[in-house]
Amino acid sequence: MKRVIKMSKAWIASFLLGVLLTGCGGGGSDAGSDANTSGSNTSGNVGSGPSGEQPEPVRAAVLSWSAPSTRVNGDGIAMGELDKYVIRYGQDVENLSGEVIIGEADVYPEMSYTVDNLDSGTWYFTIQVQDKQGLVSEPSAPVSKTIRS
């Protein structure tokens, strides 16, 4: 039987706002993570290249969120109870085939992760949190970013 954590509306809103603020536009944005994640962080190039060439556009989406502090039923959830975050992404909102798992969710109350090497088009992202007992939240509402060529 699958047990589910339900995220509070405030947590989902925080995730959505983070993605919308840092993942807007076609060029992407640069945000380093102060979290020690197993994923990579990218830096965008600023200015022109050595021969005056324009840099290649950043083909990334920066996702940021805050750890949930309550469950949907109003019960609190302490940082020490969190295990990991699961980001799912893809170009078909009904089939998010890309997956990133970020451990140490119990250590960092503010998280940021850069999904890079994205092709042109619209990309959709959701996030879930899992606690140390194996309870998994429902996915957040999908958010999107369009990468222009």
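Which element of the chain has the lowest mean pLDDT, and which the highest? I started there, since this is a predicted model. Helix α1, residues 9-22, comes out lowest with a mean of 48, while β3 sits at the top with 97. Over residues 16-50 the pLDDT is below 50. I still looked up what that stretch touches: it has 66 contacts in the model beyond near neighbours in sequence. For the chain as a whole I noted a mean pLDDT of 74, with 62% of the residues reaching 70 or more.

**Core**

Next I went for the largest nonpolar core and found 23 residues in it. Those with the most contacts inside this core are Trp65, Tyr85, Ile87, Tyr89, Ile102, Leu118 and Phe125. I then checked where the core residues come from. At least two are supplied by each of β2 (61-66), β3 (82-90), β4 (98-102), β5 (110-115), β6 (121-131) and β8 (143-147).

**Strand β6**

How many residues of β6 are buried? I get eight of the eleven, so β6 is largely enclosed by the rest of the structure. I then followed its pairings. β3 and β6 run antiparallel and are joined by eight bridges; I found Gly90 standing opposite Tyr124 in β6. β6 also pairs with β8, again in the antiparallel sense, over five bridges. There I have Phe125 opposite Val143 in β8.

**Rings**

I looked for aromatic pairs and counted three. For Tyr89 and Trp123 the ring centres are 6.1 Å apart and the planes are at 45°, so I filed the pair as tilted. This pair links distant parts of the chain, with Tyr89 in β3 and Trp123 in β6, 34 residues apart. Is Trp123 buried or exposed? It is buried, because its relative accessible area is 11% and the cut-off is under 20%.

Then I took Tyr89 with Phe125. Their ring centres are also 6.1 Å apart, but the planes are at 25°, so this pair is stacked; the limit for stacking is under 30 degrees. Here too the partners lie in distant parts of the chain: Tyr89 in β3 and Phe125 in β6 are 36 residues apart. I checked burial for both, and Tyr89 and Phe125 are buried.

Which residues do the ring pairs link into a cluster? I wrote down Tyr89, Trp123 and Phe125. Two of these names, Tyr89 and Phe125, were already on my list for the core, among the residues with the most contacts inside it.

Definitions and conventions. Residues numbered from 1 in each chain as written. Predicted model: local features only at pLDDT ≥ 70, side-chain atom pairs only at ≥ 80, totals over all residues. Heavy atoms only, no water. Core = buried A, V, L, I, M, F, W, Y, C linked by side-chain atoms within 4.5 Å. Buried < 20%, exposed > 50% of the residue type's maximum accessible area, 1.4 Å probe, protein only. Helix = DSSP H or I, 4+ residues; strand = E, 2+ residues; numbered from the N terminus. pLDDT = per-residue confidence, 0-100. Contact = heavy atoms within 4.5 Å. Pairing = 2+ DSSP bridges. Phe/Tyr/Trp six-rings, centres within 6.5 Å; stacked < 30°, edge-to-face > 60°.
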